[in-house]
There are 4 protein chains.
Amino acid sequence: MSAGDPSAGDPRSDLVDPSDAYRQVRALTEELASTLSAEDQTVQSMPDVSPTKWHRAHTTWFFETFVLRPHGHSYRDFDPHYGYLFNSYYEAVGARHPRAQRGLLSRPGIAEIAAYRRHVDAAMEALLAAATPAEVADLVVLGLHHEQQHQELLVMDIKHVLSMNPLRPAYREPRPRLRVADAVGRGAGEPGWIGYDGGLVDIGRERAAGGFGFDNESPRHAVHLAPFELADRPVTCGDWLGFMEDGGYTRSELWLSDGWYTVQAEGWCAPSYWLEDDGWQVFTLNGVQPVDADEPVCHVSYYEADAYARWAGARLPTEAEWETVAADHPVEGHFLDPCRPHPAPIGTDAVAGPRAPRALFGDVWEWTASAYLPYPGFETAAGAVGEYNGKFMVNQHVLRGGSSATPVGHVRATYRNFFPASSRWAFSGLRLAR
Amino acid sequence: MSAGDPSAGDPRSDLVDPSDAYRQVRALTEELASTLSAEDQTVQSMPDVSPTKWHRAHTTWFFETFVLRPHGHSYRDFDPHYGYLFNSYYEAVGARHPRAQRGLLSRPGIAEIAAYRRHVDAAMEALLAAATPAEVADLVVLGLHHEQQHQELLVMDIKHVLSMNPLRPAYREPRPRLRVADAVGRGAGEPGWIGYDGGLVDIGRERAAGGFGFDNESPRHAVHLAPFELADRPVTCGDWLGFMEDGGYTRSELWLSDGWYTVQAEGWCAPSYWLEDDGWQVFTLNGVQPVDADEPVCHVSYYEADAYARWAGARLPTEAEWETVAADHPVEGHFLDPCRPHPAPIGTDAVAGPRAPRALFGDVWEWTASAYLPYPGFETAAGAVGEYNGKFMVNQHVLRGGSSATPVGHVRATYRNFFPASSRWAFSGLRLAR
Amino acid sequence: MSAGDPSAGDPRSDLVDPSDAYRQVRALTEELASTLSAEDQTVQSMPDVSPTKWHRAHTTWFFETFVLRPHGHSYRDFDPHYGYLFNSYYEAVGARHPRAQRGLLSRPGIAEIAAYRRHVDAAMEALLAAATPAEVADLVVLGLHHEQQHQELLVMDIKHVLSMNPLRPAYREPRPRLRVADAVGRGAGEPGWIGYDGGLVDIGRERAAGGFGFDNESPRHAVHLAPFELADRPVTCGDWLGFMEDGGYTRSELWLSDGWYTVQAEGWCAPSYWLEDDGWQVFTLNGVQPVDADEPVCHVSYYEADAYARWAGARLPTEAEWETVAADHPVEGHFLDPCRPHPAPIGTDAVAGPRAPRALFGDVWEWTASAYLPYPGFETAAGAVGEYNGKFMVNQHVLRGGSSATPVGHVRATYRNFFPASSRWAFSGLRLAR
Amino acid sequence: MSAGDPSAGDPRSDLVDPSDAYRQVRALTEELASTLSAEDQTVQSMPDVSPTKWHRAHTTWFFETFVLRPHGHSYRDFDPHYGYLFNSYYEAVGARHPRAQRGLLSRPGIAEIAAYRRHVDAAMEALLAAATPAEVADLVVLGLHHEQQHQELLVMDIKHVLSMNPLRPAYREPRPRLRVADAVGRGAGEPGWIGYDGGLVDIGRERAAGGFGFDNESPRHAVHLAPFELADRPVTCGDWLGFMEDGGYTRSELWLSDGWYTVQAEGWCAPSYWLEDDGWQVFTLNGVQPVDADEPVCHVSYYEADAYARWAGARLPTEAEWETVAADHPVEGHFLDPCRPHPAPIGTDAVAGPRAPRALFGDVWEWTASAYLPYPGFETAAGAVGEYNGKFMVNQHVLRGGSSATPVGHVRATYRNFFPASSRWAFSGLRLAR
C-alpha cells in the first residue's frame with residue numbers, strides 16, 4: 001500500500017499567484033453572503049454558530065492582525081475596536097467579545113463590514129504586489145485557507161440560522177440535486193466492500209512537503225494497521241431509514257452511553273434537519289424537500305454514526321485507515337466551486353461539480369473512529385497562530401474527506417477536520433469499515 | 001382629600017377623532033424606529049427584550065387580529081404565518097413563536113414589516129372612515145393604547161440591545177439633558193415632605209367613566225389610609241451616590257432577602273447602565289455620559305428602591321397613597337412627545353417637554369410598595385383581550401407615574417404599570433414616603 | 001363586625017411557666033424525630049428542605065445564640081463550629097453553611113446532635129430556674145415559637161424526603177384518618193356560604209397586647225372591606241377531582257401566566273403527592289393511601305388555588321377578610337397535639353384532635369389573595385432577630401389558619417404564614433370567597 | 001522490547017479458590033465501610049459520587065442479578081425493589097433509580113443492606129461450594145473484580161463526601177505517610193529519564209490468556225512506537241508547586257482550550273483538595289495535612305496533567321508506551337492491602353505496603369495521552385455484562401497503573417482505567433514522557 005504524495009491535494013490549493021488566489025478566495029466569501037439580507041447576516045442561532053457578517057469581518061481581521069499589522073508598511077487599523085470584536089479565540093492576541101454574544105452586535109452593520117473588507121483588501125493587494133518574504137507569504141496562504149474554512153462555516157451557520165425560522169426560508173433558489181446513484185452507478189442496497197492488507201503504513205504530512213498543510217497534519221509517521229475493508233460509498237439516507245425503521249433511535253444496546261443520554265435529552269429520532277410531515281422531509285439550503293434515499297446521509301453526530309455502524313455489524317474506519325485508502329485516490333468529488341457556483345447541480349445543499357465514482361472526497365465529511373489527538377512529534381507554530389489547531393486536541397473526533405460546502409482545492413488526503421461527538425450542524429456523514 | 005376625575009388623564013388621551021389618533025400613534029412608532037438599521041431592529045438581547053421589528057409587527061398584528069379579522073369587511077391577512085410569529089402571549093388566539101427566540105427570526109425583514117404595516121393601515125383607515133360600532137371603536141382605542149405601551153417598550157428594549165455592544169453606540173444624536181434642579185427649583189439635599197391626612201379614600205377608575213382606562217384600573221373602591229408624608233421629588237442620582245458611598249450595596253441589613261441574594265448573584269453595585277470609568281458614567285440613548293447628580297435615578301429594581309428607602313429611614317408609598325396625591329395634580333411632566341421629538345430637551349434618555357414643579361408624572365416610573373393584585377371586584381374583558389392585564393397579577397410590583405419614554409397622553413393618576421421586583425430595564429425610579 | 005381579642009389564640013400559647021413550656025416544646029421535637037433513623041435524618045431532598053437532624057440542631061442553636069451566649073452565666077459553646085453549620089439565615093450573626101448543602105453534612109451525626117440538645121437544655125433549665133429579666137423571657141418565648149415552626153417544617157420536610165424514595169416508606173404506622181364529613185356534618189357538594197357586611201375593620205395585633213405574637217402581625221390597623229361571603233369549609237379532594245375532570249390543569253384561561261408556565265414546566269396534573277395508579281392515590285406520612293374525597297385538599301400551590309377559585313366562579317379571600325371572620329371563632333381544629341400524639345385520629349397526614357364544625361383553624365393552611373407585605377407602620381425588632389420575618393416580605397403570599405402539622409397553641413387569628421406562589425410542600429389548601 | 005506475560009498481573013488476581021477469594025473481597029468492602037456511620041454512608045456529594053451504602057448494595061446486586069438469579073438453585077430475591085434501586089447503568093436489566101438521586105434514599109438503611117449482603121453471601125457460598133460451570137465461575141470472578149473496582153470508588157467517594165464538610169473530618173485515624181523519596185531514593189529535582197527504542201510492539205491482552213482481564217484490554221495487537229523516554233517517577237507535589245509558582249494556572253498558552261475554559265469556570269488554582277492556609281495544606285482521608293513535596297501529586301485532571309507536561313517541555317505517554325515499559329516490571333507498589341490495612345504506612349491517603357523503586361504501579365493512577373477507544377477487533381461480551389466497559393468508549397482518557405486505593409492484585413500492565421478529562425476526584429496523577 002503506497003501513495004505518491006498524499007498531502008498534495010488539488011493543484012488549485014497551491015494558490016500559485018498570491019494576488020490571484022487572494023482575490024478569488026475573498027470574492028467567494030462575498031459571493032456566499034450576497035443573497036443574505038442585513039437581518040440574515042446578524043442572527044446567531046446558538047453559541048456554536050456565528051453571524052454571517054461576523055465571518056466576513058473575522059476573516060478580514062485575520063489578515064489585518066497577522067499580516068498587515070506586523071508586516072504592512074504604514075498600515076492603519078480600520079477601527080481600533082475591531083480587534084476586540086472579531087478575534088475568535090486567540091488568547092495571545094488579547095481579550096475578545098464572548099463567542100455566545102456575537103449575535104448581540106447590531107453594529108458594525110453589513111455596510112461597515114463591507115468597507116472594512118475593502119480597506120484590508122486594498123492594503124493586502126499593495127502588500128502582495130511587492131515582493132513578499134516567505135514568512136509573510138506563508139501567513140497569507142494560511143489566511144486564505146483560514147478563510148476557506150470560514151466559507152464552509154458560513155454555509156453551515158446560515159443553514160442553522162434559517163432552520164430556526166418557522167417559515168423555513170431558503171438560502172438560495174432551488175436547483176436540481178445530485179443523487180449518489182448518478183455517481184456510483186447503482187441504487188440502494190448493500191455497499192460494496194474493498195479489502196486492504198494493512199501492515200505498517202505512513203500517514204500524515206511531511207513537514208517539508210510542498211504546497212500547504214495545517215500543522216495538525218504533521219509529522220508523517222508510521223502506523224500499524226490490521227487488514228480491513230472499507231465500503232465503496234458513504235451511508236445513504238435510504239440506509240438510514242432502514243436503521244430508523246429497525247428502532248435504531250430507541251435501542252440502547254446500539255449506543256455509547258453518552259450517545260444514549262444525548263438521544264434522550266435531545267429527543268433525537270432522525271438526523272438533524274429532518275422533519276416528519278407526510279413522509280420524511282429535510283430542511284436544506286433550498287428550503288424543505290423530500291428525503292432522497294440515494295443521497296449520502298448528512299448532519300448526523302458521531303454518536304449516531306457509531307450506533308449506525310454497530311447496527312450494521314460494522315464500525316467506523318480509523319483516520320489512518322481512511323487516509324491510507326484516500327492517498328491513492330484523486331481529490332475529486334462534489335465541492336463548493338467558486339468558478340461555477342450557480343449552474344452546477346446540488347448535492348447535500350451546496351454547489352458541486354461532477355463526482356468521481358467511489359470517491360472518498362466531497363459530499364459529506366466522514367466521521368472516523370479516531371479521537372482528535374496530536375500525531376507523535378506534533379509541534380505547534382510559534383506565536384498566536386500556534387493556537388490554530390493544537391489547543392482543540394481533546395474531546396473531539398476526526399472527520400475526513402470534505403463536503404459539498406468545502407471549497408474546491410481546500411482538502412487533501414491528510415486533512416483532519418474535527419468536531420465534538422454530539423455535534424450535528426456540520427455536513428457530517430459516515431462510511432463503514434470492518 | 002379628594003379629586004375631580006383622577007382617571008381623566010391628559011385630554012389628548014381621549015383620541016377624539018379615531019382616524020387622526022390612529023395615524024398619529026402609528027406614525028410615532030415608525031418615527032422611533034426610523035434611525036435604527038435593519039441589524040439594530042433584529043437583535044434580542046435577553047428574553048424580556050423584543051427586537052424593534054417585532055414590536056412594529058406585533059402592534060400591527062393586534063389590529064389585524066382583534067379588529068380587522070372579526071370586523072373588517074373582506075379583510076385578507078397579509079401573511080397567514082404572521083399570526084404565529086407575532087402573537088405575544090394570547091393563549092386564546094393560538095400557538096405562537098417562543099418569546100426567547102424572537103431574535104432568531106431574520107425574516108420577515110424590515111422591508112416586509114413596513115409593507116405589513118402599510119397593508120393593515122390601509123384597511124384600518126378604510127374601516128375608520130366608515131361609521132364604526134362602539135364595540136369596534138373600543139377595540140381600536142385599546143389597540144392604540146397598546147401600541148403606545150409598545151412605544152415605551154421599544155425604547156427600553158433598544159436601549160438594552162445597544163448597551164450590550166462594547167462600542168456603546170447611541171440611539172440618536174445627543175441633545176441637551178434636563179436637570180431636575182431646573183424644575184423643582186433647587187439642587188441636592190433632602191427632599192421636601194408634604195403631609196396628607198389619610199382616612200377613607202376612593203382609588204381606581206369608575207368602570208363607566210369617560211375616556212380610556214385599562215381593566216386593571218377598575219373598579220373604583222374605598223381604601224383606608226393612615227396619615228402619611230410624600231417626598232416632593234423623586235430620588236436623584238446624587239441621593240443614590242450617597243447610598244452607594246455609605247455601603248448601600250454591601251450591607252445585608254438594608255435588603256430584603258431575595259434582594260440581597262440578587263445583589264450577590266448579579267454583582268450589582270450601582271443602578272443598571274452605570275459604568276465606573278474615571279468617575280461614574282451612565283449609558284444612555286445618547287451614548288455614555290457622566291452621571292448627573294440632579295437627575296432622577298433610573299433603572300433601579302424594586303429591591304434597590306426598597307433598600308434605599310430603608311437606608312433613608314423612609315419607605316416606598318403604597319399605590320393608594322400615590323394615587324390619592326396624584327389625583328389632585330395635572331398630568332404634566334417629561335413625556336415622549338410625538339409633536340416635537342427633536343428640538344426638546346432630554347431628561348433621562350428620552351424626549352420631553354417642560355416639567356411642572358413637584359410633578360408626580362413623567363421622568364421615571366416610581367416603584368410603589370404595593371404588589372400588583374386585582375382590585376376588589378376586578379373583572380377581565382371577555383375573549384382574548386381579557387388576557388391583557390389580569391393574568392400577570394402575581395409576583396410583580398406596581399409602578400406609577402410614567403417616564404420620559406412614555407408617550408404624552410398615555411398615563412393618568414389611576415394608571416398601573418408593573419414589573420417583577422428584580423427588573424431594571426424599565427425606566428424605573430422611586431419617590432420616598434414615610 | 002368585631003372581636004374580643006383576635007390575637008389571643010389558644011391559652012396554651014401563653015406558656016405561663018417557662019420551664020414547663022421549654023420542656024414540653026423541646027420534647028415534642030425529639031418525639032417527632034424519634035421514629036426516624038440516622039439515615040432518614042440526614043437526607044435533604046431539595047434546597048427548601050432541611051434534614052431532620054439539622055432542624056434539631058438549628059432550634060438548639062437559636063437558644064444558644066440568642067439566649068445563652070448573651071445571657072447565660074459562664075455558658076460555654078458546645079462546639080465552636082456549630083455557629084457556622086446551624087445558622088439558617090441570620091446575616092447579622094455571621095457566615096453560614098449554604099442552605100442547599102445541608103444534606104452534604106454527615107457529621108455531626110444524630111448522637112452528637114442529641115448531646116448538643118442536652119447540653120443546651122441543661123444550661124437553659126438552669127437559666128430558667130433563676131429569675132429571668134423580661135428581655136430574656138421574651139427571647140425564650142420567641143425561641144419556643146421558633147421551635148414550633150420548625151416542628152411543622154420538620155414534618156413537611158421529612159414527608160418530602162420520604163416521598164422521593166420509590167419504596168414510598170411511611171413515617172409512622174398507619175392510624176385511622178379523619179374525614180371532613182365527620183366534622184362539618186355532610187358529604188360532598190357545594191360549600192355553604194356565609195355573608196359578612198364588610199366596612200371599616202381593624203386587623204393585626206396590638207403591639208402591647210398580652211401573650212405572644214410575631215412582629216409581622218403588628219401593628220393593628222384599619223382596613224376597609226366590601227361585603228363578602230366566605231365558604232363554610234375548605235375545598236376538598238372531591239371538589240378538586242371535579243376541577244381535574246373538567247380539564248382544570250389543561251385550560252390556560254384559568255391560570256395566571258406564571259402559574260400556567262409552571263404547570264407546563266413541571267408537568268403538574270394533580271396536587272403534589274398524588275399518584276395515579278388504579279385511581280388516584282396520595283402519598284402520606286402513613287404511606288400511599290387512596291384519595292379521600294371528603295378530606296381538605298392539601299399540597300396545592302397558590303397558582304393552583306387561584307386557578308381553582310377562578311374555575312369555581314369564586315376567588316380567594318384576602319387576609320383581612322379571613323382574619324375578620326376568624327377573630328370571632330375559637331382556635332379549634334386538628335392540630336399537632338403533643339399530649340396525645342398516638343391514639344388520635346389522623347387528618348391530612350398528621351396527629352389531630354376533634355375538630356369544631358366550620359372551623360377556620362387546623363387541617364390545612366389556607367392560601368389568601370394577599371401578597372405578604374408589611375402592615376402600615378410595621379417595625380422589625382432590633383438586632384439579628386429583626387431578620388426573623390421582615391426580610392421575606394416580597395414575592396410570597398399569605399396563608400392563614402394552621403394545619404394538622406402545626407403544634408396546638410401555636411397559631412391565632414392574626415397569625416401570618418407565607419410561601420412563594422409556586423410552593424407545594426407545605427400543608428397548604430384553600431377556602432373560597434366571593 | 002518484549003515482555004513475558006504482560007497481562008498476568010499479581011498472582012493474587014487469579015483468585016484460585018473461588019470461595020476464599022469471594023470471602024476475602026467481600027470482607028474488604030465491609031472493612032472499608034466499618035468506620036463510617038450510618039449518616040456518612042448515606043450522603044452523595046455530587047452526581048458522580050455514590051453513597052457508601054449504595055456501593056455495598058450495588059456490588060451485592062451484581063452477584064444477585066448476574067449469578068444467583070440465572071444460576072442459583074431456587075434463589076429468592078432479598079427484596080424485589082432492589083433491582084430498581086441498585087442497578088447502576090445496565091440498560092438491558094431494566095429501569096433504575098436516577099444516578100444523581102442516590103443520596104435521596106434514606107432507606108434501605110445500613111442495617112438492611114448488611115442483611116442483604118449476608119443473604120446474598122449465604123447463597124453465593126452455597127453455590128460456590130458446589131461444582132460451578134466455567135461460565136458461572138467466570139461471572140463470579142467478574143463480580144469480584146467489579147467489587148474491587150467499587151472498593152476504590154468507595155474510598156474516592158467517601159473522601160469527596162467528607163471534603164464537603166467544613167469540619168474536614170478524617171475517614172480514619174492518622175497514620176504515618178510514606179514519602180516517594182523513601183522509595184525512589186532521592187528528593188526533589190528533575191526525574192530521571194529512561195530511554196526506549198520503540199518499534200513494532202504488541203500491547204493488550206490475549207483473549208485466551210490465563211487469569212482475569214476485562215474485555216477492554218483485548219485483543220492483543222501490534223502498535224508502532226517511535227523511540228521515547230519515560231520519567232522514572234511520577235510528578236510530585238514539589239514539582240507541582242513549581243508549576244504553580246511559575247503561573248501555571250494563569251497562562252492560557254499552556255492549556256488545551258477546554259482545559260482553559262474549565263480552569264476559569266471552576267476557579268482552579270491548585271490540585272483538588274488542596275487548601276491555602278498558612279502554606280499549602282491538603283485534605284486527606286486522615287484529615288488536613290501539610291502538602292508533602294515528595295509525594296506524587298494526586299487529584300489532578302487530564303487538563304492539568306497535559307498543561308503541566310507542556311510547561312515542563314515534555315508530554316504525557318501514550319498508553320502503548322506506558323504498557324510496553326510496564327510489561328517488564330513486576331506489579332509492585334503501594335496498593336490497598338486487605339491483609340494489613342491498619343499498621344501499614346500511608347501514601348496518598350490510603351493503605352499501602354512497601355514500594356518498589358521506579359515502580360509504575362500503585363500510588364497514583366497516571367493519565368496517558370490516549371483517548372479511551374476500543375482496540376482493533378474489540379468485542380463486548382454477550383448480554384448485559386457487555387455493557388461493562390464498551391459503552392463508555394468516548395470522551396474519556398486512559399489512566400494506567402493503579403493507586404494506593406486500588407486493591408492489591410487488582411491491576412496489571414494491560415489494565416485500562418478511564419475518566420473524563422475534567423475529572424479530579426479519582427486518585428489521578430501523572431508521569432512525563434518525551
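This is a predicted model: local features need pLDDT of at least 70, side-chain atom pairs count only at pLDDT 80 or more; totals for chains, interfaces and linings use all residues.
Figure 1. Chain C is superposed on chain D by a rotation of 180° with 0.0 Å of shift along the axis, at an RMSD of 0.0 Å. The two copies are thus related as by a two-fold rotation axis. Within chain C, the C-alpha nearest this axis belongs to Glu39(C) and lies 2.6 Å from it. Both copies use the same surface, since 100% of the contact residues of chain C recur in chain D.

**Figure 2. Extent of the interface between chain C and chain D.** Contacts link 30 residues of chain C with 30 residues of chain D. About 2,300 Å² is buried between the two chains, 62% of it on carbon and sulfur atoms. Of the area that chain C buries against chain D, 31% comes from Glu39(C), Leu104(C) and Arg107(C), more than from any other three residues.

Figure 3. In the salt bridge of Asp40(C) with Arg107(D), the closest N and O atoms are 2.8 Å apart. On the side of chain C that touches chain D, α3 (82–86) and α5 (134–163) each supply at least two residues.

Figure 4. Over all chains, the structure holds zero disulfides. Cys269(B) is partly exposed, at a relative accessible area of 45%. Cys298(C) counts as buried, with 7% relative accessibility.

Definitions and conventions. Residues are numbered from 1 along each chain as its sequence is written. Chains are lettered from A and ligands numbered from 1 in the order in which they are written. Side-chain values use heavy atoms; hydrogens and water are left out. Copies are superposed by least squares on the C-alpha atoms of residues with pLDDT of at least 70 in both. Contact means heavy atoms within 4.5 Å. A disulfide is a pair of cysteine sulfur atoms within 2.5 Å. Buried means under 20% relative accessible area, exposed over 50%, partly exposed in between (1.4 Å probe, protein chains only). Buried area is the accessible area (1.4 Å probe) that two parts lose on being put together, summed over both. A salt bridge is a side-chain nitrogen of Lys or Arg within 4 Å of a carboxyl oxygen of Asp or Glu. Helices (H or I, at least four residues) and strands (E, at least two) are DSSP runs, numbered from the N terminus.
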